[in-house]
Amino acid sequence: MFFNSLAFAIFLPIVFFLYWFVFNKTKSTQNALLIIASYYFYSCWDWRFLFLLVFSTFLDYYTGIQIEKGKTERSRKFWFWLSIIVNLGFLGVFKYYNFFAESFSELLNSVGIQASPILLSVILPVGISFYTFHGLSYVIDIYLKRIKAEYNFVDYSLFVSYFPLLVAGPIERATHLLPQVKVKREFNFEMAKEGIYQIIWGLVKKVVIADTCATYANAIFDNYTSMNSFSLILGAIYFAFQIYGDFSGYSDIALGVSKLFGLDLLRNFNYPYFSRDIAEFWRRWHISLSSWFRDYLYIPLGGSKGGIWMKIRNTFIIFVVSGFWHGANWTYVAWGFINAVYFLPLLLSNSNRNNMDAIVLKWNFSSAKVIMNILYTFLLTCVAWVFFRARTITDAVEYLKRMITNKSFSFQYLDNERYNYELLLMIGIFVLVEWNNRNKVEPLSGKKSLLKIALAITAIMAFGTFSDYKEFIYFQF
Amino acid sequence: MKRFLIYTGIIIVITILIAVGLDGIYTRIFMESKNRGKIETVINSKAKKYDVVILGSSRANNHFVSQLFEDKGLKTFNFGMSGGHLFEASLLLKLMIERKYEIKNVILEADLNLSNDQEAEGVSTKFLPYIHNSEVIKKHFYDEENFNELYYIPFYRYVKYDSEIGFREVYKTLIVEKTNALDNLGYYPLVKHKNGNMKNNIVNLNPLPHNKYYEEIKSLCKTNNINLITVMTPMCENVVGMNYFDKVKKTYPEIYNYENVVKEDKYFSSCGHMNDNGARIFTARILNDFFNK
């Protein structure tokens, strides 16, 4: 059941009605309903993976309590490592086993040792990377005595399996979401209205921008050997907007839906393509994952303290692991590595926190420099996205090589029976709308909101791509 | 909560109004369309006279050279539609009859398409803009699974089939951008492809014993005194399951089997489609057999 499906359009009002009109007596009834709805939502993909979700939930719930109750450090450590190993074990088996087995086999074959890997015939449970990270952050926080263990299983289950964030985040923190689920929610009109704005704007991003860009990006990437420089540049730009529209659109819908139930989720995107350097980009892109790796990997490794080699090592570890988190393919590792290369000079020159303020433009030279920096940062991200999108690293390198060496800048007719430049105007309008509203969560709120909503709905219906349906990209992660 | 329900209600009303408005605008634009495709041309036309009308799939569109008929003094148009099934061929004929076309002969390509009586979505959707303006189209789609949504939900058909009749097609219709669908009197010549696929496997295909839309075309022609010539057209030699054509002949003895008229790969663009040279040989044979008076 996808957020932009008819099934979800039926599911959501039913759960909303039951939540506020039938199960609204206590926080426990509210939470119970949301868990039932979440399990039903999850089972729509594959009911068998519900067992995995329930097991993972119970494991972290139980080990969390045992860590807190542990009288000796040894006992606390035992339960802590049990949770970490089992959680990462599931992730490893379902997501990474086949990749490692194949890579190892290829390595042996390359040195002349014949080996055929034993592969597992399993499909990746949707959302496993997200709910595993929910559970891990909870257990780590208890172990580090940042939070108390949750003794109410229903409340804890809701924290892990709340349907708006279950399959593609944002990756929540116990410190943020658990306190909210522990009190009865009262209906808040303003919050619900904000939710509606975010849902509608999320749909614009998904069906108007992402899915439309996808048809062009696919036509270019899938045939890159016959494309000229201009098409390849456009292909990278289209994919940049596809993945942004897809994932931030999903996040907007998730946050918006959650607001309808009185629960505020972590913001995941903050107009990342208006970043002035890569460090700022990573403070604005997939914020819940970046901050997760910062808090639970980078800082425990020593962060930016220590010597220069420590900084370099930690930077590469966090970016490469972050890339690998996305999927079992060397292209994601390369994408992470490239971002580390982008980030490192900023870190080493202590300029990674230069652009913390809001962007204000005036008619002067420094504003022109800001715009140039934004465009340069976007260019860097586009180059990295080529690795993220390509099937193999070789394809990505060939794509970029051809982009530079082909030197032909004519308009090409693509496989999807469209001209390669056709989408530029729509992307331009989208960028302008986001730019003018970059200080708000979404562009629809404020004055004349009903008119803006009407325009957004018109855009969804008239310009959206529906027949060539595409799943949310991050569901596969 | 009451405020929220009212607010949500307003958004739903706005959504419905936008859908109705867009539906009206899109339909109006399609009603003016004339040079984009064969379906629009027939729908937005008035009575015409034809000696020969050709119907069928791409195997009609690419195989019957209309100009060769014209050279014999026969006013002809090739209405074959790439990707189309008999569902669409039948509907197009009904629309011609509704518009009082005077047709002496219909040549129908009926071979592989006899194996199903489903609509071909990529083609049938082109009729949908007119569903509220033509009883014929409405009735033809009535038994389809999603008829109620397509007919009663405003703008649904344009959203569902946006790649065929969505904004992009509306825009191109509005700026009167011509396509090549009507060039060469509807015939679309193919060239010989170096890498054309010269293999095909139709072993799992079976002609339906009573193809609903083939029977419908037969009945339409009979009622309207149109001479119906139904033919099977050639495929390349390297086909697994070539006895399909014998099965067609057995089920429908009135269909002429011309599968063997052109054989060599040099006359094909791909296994199921002849190139221009092959099409000319084939058309000449048809003309000789049926119109050599």
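## Contacts and burial

Two residues are in contact if their C-beta atoms, placed from the backbone, lie within 7 Å. In chain A of this predicted model, 73% of the contacts with a separation of 6 or more are between residues 24 or more positions apart. Buried residues make up 43% of the 477 residues in chain A (buried: 20 or more other C-beta atoms within 10 Å of the residue's own, with C-beta atoms placed from the backbone).

## Overall build

Chain A has 18 helices and zero strands, where helices are DSSP runs of H or I with at least four residues and strands are runs of E with at least two. Its radius of gyration is 23 Å, close to the 23 Å from the globule rule for 477 residues, so chain A is as compact as a globular protein of that length. That radius is taken over C-alpha atoms, and the rule is 2.2 Å times the number of residues to the power 0.38. Along the principal axes, the C-alpha atoms fill a box of roughly 70 × 65 × 45 Å.

## Two domains and their meeting side

An automatic or database domain assignment divides chain A into domain 1 (6–186) and domain 2 (191–276 + 359–476). Taken over C-alpha atoms, their centres are 29 Å apart.

Between them, 17 residues of domain 1 of chain A are in contact with 17 residues of domain 2 of chain A. On the domain 1 side, α1 (6–22), α7 (163–166) and α8 (174–181) of chain A each supply at least two residues, and α1(A) gives the most, with three.

## Reading the numbers

Residues are numbered from 1 along each chain as its sequence is written, and chains are lettered from A and ligands numbered from 1 in the order in which they are written. As the model is predicted, local features need pLDDT of at least 70 and side-chain atom pairs count only at pLDDT 80 or more, while totals for chains, interfaces and linings use all residues.

Key:
A residue is buried if 20 or more other C-beta atoms lie within 10 Å of its own, exposed if 12 or fewer, and partly exposed in between; C-beta atoms are placed from the backbone.
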